[in-house]
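Student: I would like to learn how to read a ligand site in a model. Can we go through one step by step?

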Amino acid sequence: MSLPIAVLISGSGSNLQALINKMEDEILDVDIKMVLSNRADAYGLKRAQAYGIPTAVLSHKDFSSREDFDTEMVRILKEAEVEAVVMAGFMRIITPVFLNAFPGKIINIHPALLPCFTGVDGQGEAAEYGVQIAGCTVHFVDEKMDHGAVIIQAAVPAYPGEDPDDLRARILEQEHRILPQATQWLAQKRLTMNGRFVELEESDIEPAALDNKSLVNPPLEGRF
Ligand code: GRF
């Protein structure tokens with residue numbers, strides 16, 4: 001049975017699109033029950049609607065506290081029979097109200113090699129810092145921003161002085177690979193969290209073909 005998930009977005013939704021593409025290709029075994037955005041103008045809502053995926057808009061500005069906002073998100077997602085949550089460019093910090101509703105079942109993509117460059121512009125800060133290697137991380141979500149246990153990371157080269165948008169694009173390409181892969185591992189129930197450490201249960205799935213653009217660990221599998 002496919003894992004019933006919600007995808008939370010705030011913007012373009014290209015990571016949502018990557019999840020949808022892998023579902024369409026029957027590589028990713030989830031059922032997106034709901035795409036929820038805190039912004040009515042998020043382009044990702046249109047992407048969802050194009051595939052008949054139910055959408056909801058919940059503006060945080062309509063709530064007096066983070067807890068009240070999270071309570072309403074939980075109500076909407078529970079009503080849609082969601083069991084796990086993928087945060088894909090969702091620019092809000094969640095509270096224990098939300099965390100406790102989906103324990104161990106909320107993951108997030110962050111466009112930096114955590115614990116470096118947390119926050120809204122990880123790629124820009126990495127570019128400005130002059131790093132030689134940058135990347136992205138999928139992690140379980142906890143109460144601190146960009147902090148929970150790390151599931152998978154992808155590293156890419158950075159070229160000091162380059163246009164930060166070029167680095168952003170290089171990282172985004174890898175986000176589109178590691179987020180669907182981590183989501184599949186969650187759907188397969190192969191992830192176990194022991195404190196900060198995430199163990200991935202072994203499988204006999206063939207490793208994905210290596211490219212020379214990135215270093216990904218744990219390695220991608222199959223057609224991811
Ligand atoms: C991605 O870089 C994501 O990691 C970051 O915001 C961007 C969202 O991209 N937090 P998209 O909405 O998935 O296109």
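Student: How do the residues of the shell around the ligand divide into nonpolar, polar and charged?

Tutor: Ala, Val, Leu, Ile, Met, Phe, Trp, Tyr, Cys and Pro count as nonpolar, Asp, Glu, Lys and Arg as charged, and the others, Gly among them, as polar. Here the shell has two nonpolar, seven polar and one charged. This is a predicted model, where local features need pLDDT of at least 70, side-chain atom pairs count only at pLDDT 80 or more, and totals for chains, interfaces and linings use all residues. Residues are numbered from 1 along each chain as its sequence is written, and side-chain values use heavy atoms, with hydrogens and water left out.

Student: Which residues are around the ligand?

Tutor: A residue is near a molecule if one of its heavy atoms lies within 4 Å of it. Among them are Gly 11, Gly 89, Ile 109, Pro 111, Gln 123 and Glu 175.

Student: Which backbone or side-chain atoms lie by an oxygen atom of the ligand?

Tutor: A polar contact is a pair of N or O atoms within 3.5 Å. A ligand oxygen is 2.7 Å from a backbone N or O atom of Gly 13, another such pair involves a polar backbone atom of Asn 15 at 2.8 Å, and a side-chain N or O atom of Ser 12 is 3.2 Å from a ligand oxygen.

Student: Why does the ligand lie between domain 1 and domain 2?

Tutor: Domain bounds come from an automatic or database domain assignment. Domain 1 (1-103) and domain 2 (111-137 + 153-224) both give residues to the shell, so the ligand lies between them.

Key: A polar contact is a pair of N or O atoms within 3.5 Å; within protein, one must be able to donate a hydrogen and the other to accept it, and residues adjacent in sequence count only if both atoms are side-chain atoms.
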